[in-house]
Amino acid sequence: HRTDAVINLVQSTRSQVVFVLTGDCGYRNAPEYQAFENIASASKGEIFQLNEKNTVGPIVRYIAVLVGSRQVSLFYGINLPPTAPYSAIYAIPVDTCLQKL
């Protein structure tokens, strides 16, 4: 079942899935819609059901803030003047999933 494969992938990568659905065709009890709910639930994501075009902008801005707030600081350093009596080298291990530093 594809939904199970998606859930396994999402959980193994610790990803969060947010769905933005437009229109409401009255299919919230359909298996296809249940797949959206299961994936969002398993990934601690959300489903936004947009029924009016004027709600797209605020939802997209909210999602941008939501994603931006999940950034994590790996290291914080203080710039010392060039005449400082010491220097340091720090190793920060990362894996291939890192997209931005």
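Mentor: Before we start, contact here means heavy atoms within 4.5 Å. This is a predicted model, where local features need pLDDT of at least 70, side-chain atom pairs count only at pLDDT 80 or more, and totals for chains, interfaces and linings use all residues. Residues are numbered from 1 along each chain as its sequence is written, and side-chain values use heavy atoms, with hydrogens and water left out.

Trainee: Happy to begin! Which residues in α2 do Thr3, Val6, Ile7 and Gln11 in α1 meet?

Mentor: Helices are DSSP runs (H or I, at least four residues), numbered from the N terminus. Here α1 covers residues 2-12 and α2 residues 31-42. The α1 residues you list meet Ala35, Asn38, Ile39 and Ala42.

Trainee: Are α1 and α2 roughly parallel or roughly antiparallel?

Mentor: Their axes, lines fitted to C-alpha atoms over the stretch in contact, with angles from 0 to 180 degrees between N-to-C directions, come within 9 Å and cross at roughly 15°. Angles under 35 degrees count as roughly parallel, over 145 as roughly antiparallel, 65 to 115 as roughly perpendicular and the rest as oblique. That crossing therefore makes α1 and α2 roughly parallel.

Trainee: Nice. Is Ser43 buried or exposed?

Mentor: Ser43 sits in the loop between α2 and β2 (46-50). Beyond neighbours within four places in sequence, Ser43 is in contact with Val10, Ser15, Gln16 and Val17. Buried means under 20% relative accessible area, exposed over 50%, partly exposed in between (1.4 Å probe, protein chains only). Ser43 has 6%, so it is buried.

Trainee: And what is the relative accessible area of Asp4?

Mentor: Asp4 lies in helix α1. Asp4 is partly exposed, and its relative accessible area is 45%.

Definitions and conventions:
Helices (H or I, at least four residues) and strands (E, at least two) are DSSP runs, numbered from the N terminus.
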